[in-house]
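Subject: Structure for your review

Dear colleague,

Please find below the sequence and structure that I am handing over to you. My notes on what was found follow directly after them.

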Amino acid sequence: MAFRGCHLAALFATLAFVRIPPCATGAEVKELKFLVKGSAPQPYELLFIKDGNSLTAICNCPAGEHGNFCKHRISLLDGKPKGLVSDNAEQVAVVVEWLVGTDVETALLELRVVEKDKAAPKADLVAAKRKLARAMNS
Ligand SMILES: [Zn+2]
């Protein structure tokens, strides 16, 4: 999915639940933002965008900014956000619902399989994380 101007607007919008009017292309785009306290003094910003069957997850932690896998988005998608500091914990369940049927869910399930397999080569784990990161970024 292209990173459209309306998504950028939401990225810089306030912490509260942001309802963005539909993009010019038609389908309703829904967005939710969370703040998660990680290792940095400032909490990381997580933005989840549901656009039709596509789920995009963005995190501004160092790994996320480089398009890499990060645990912040995964813990939220798991419904167990560690270090959530925004006051919208009840909206985590919405993001978990958004995950269903997306390529992000498929990639996450594949990663879980590799993680459980103690005999899996490390390269498989790296590949699964990379695939998941790609799915979240698009
Ligand atoms: Zn992150």
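Of the 138 residues in the chain, 30% are buried. Please bear in mind that this is a predicted model. The chain contains 6 helices and 3 strands, and from the N terminus on its elements follow the order α-β-β-β-α-α-α-α-α. Among contacts between residues at least 6 apart in sequence, 45% join residues at least 24 apart.

I begin with the sheet. The 3 strands form an open sheet in the order S1-S2-S3, and their pairing is antiparallel. Strand S1 (29-36) and strand S3 (54-59) stand at the edges; each has a single partner strand, so one side of each is left without a neighbour in the sheet. On average, neighbouring strands of this sheet are turned by 15° against each other, direction ignored.

The pairing of S1 with S2 can be followed residue by residue.

Helix H4 (residues 92-99) lies across S1, S2 and S3 and runs at about 45° to S2. Which residues of H4 are buried? They are Val92, Val95 and Trp98. Seen down the axis of H4, these buried residues fall within an arc of 115°, so they line one face of the helix. Just after H4, Gly101 takes a positive phi of about 80°.

The last part of these notes concerns a pair of helices. Two packed helices are described by the angle between their axes and the distance between the axes. Helix H5 (residues 103-116) and helix H6 (residues 122-137) pack at an angle of about 165°, and their axes are 9 Å apart. An angle over 145 degrees counts as roughly antiparallel, and H5 and H6 are therefore roughly antiparallel to each other. The crossing of H5 and H6 is left-handed.

Both helices contribute a series of residues to this packing. From H5 these include Val104, Leu108, Leu111 and Glu115, and from H6 they include Leu125, Ala128, Leu132 and Met136.

Glu115 deserves a separate remark. This residue is found in helix H5. Glu115 and Ala128 are 13 residues apart in sequence, and their C-alpha atoms are 9.2 Å apart in space.

With kind regards

Notes:
Residues numbered from 1 in each chain as written. Predicted model: local features only at pLDDT ≥ 70, side-chain atom pairs only at ≥ 80, totals over all residues. Pairing = 2+ DSSP bridges. Helix = DSSP H or I, 4+ residues; strand = E, 2+ residues; numbered from the N terminus. Axes fitted to C-alpha atoms, helices over the stretch in contact; angles between N-to-C directions. Contact = placed C-beta atoms within 7 Å. Buried ≥ 20, exposed ≤ 12 C-beta atoms within 10 Å, placed from the backbone. Arc of directions from axis to C-beta. Parallel < 35°, antiparallel > 145°, perpendicular 65-115°, else oblique. Left-handed = near helix turned anticlockwise from the far one by under 90°.
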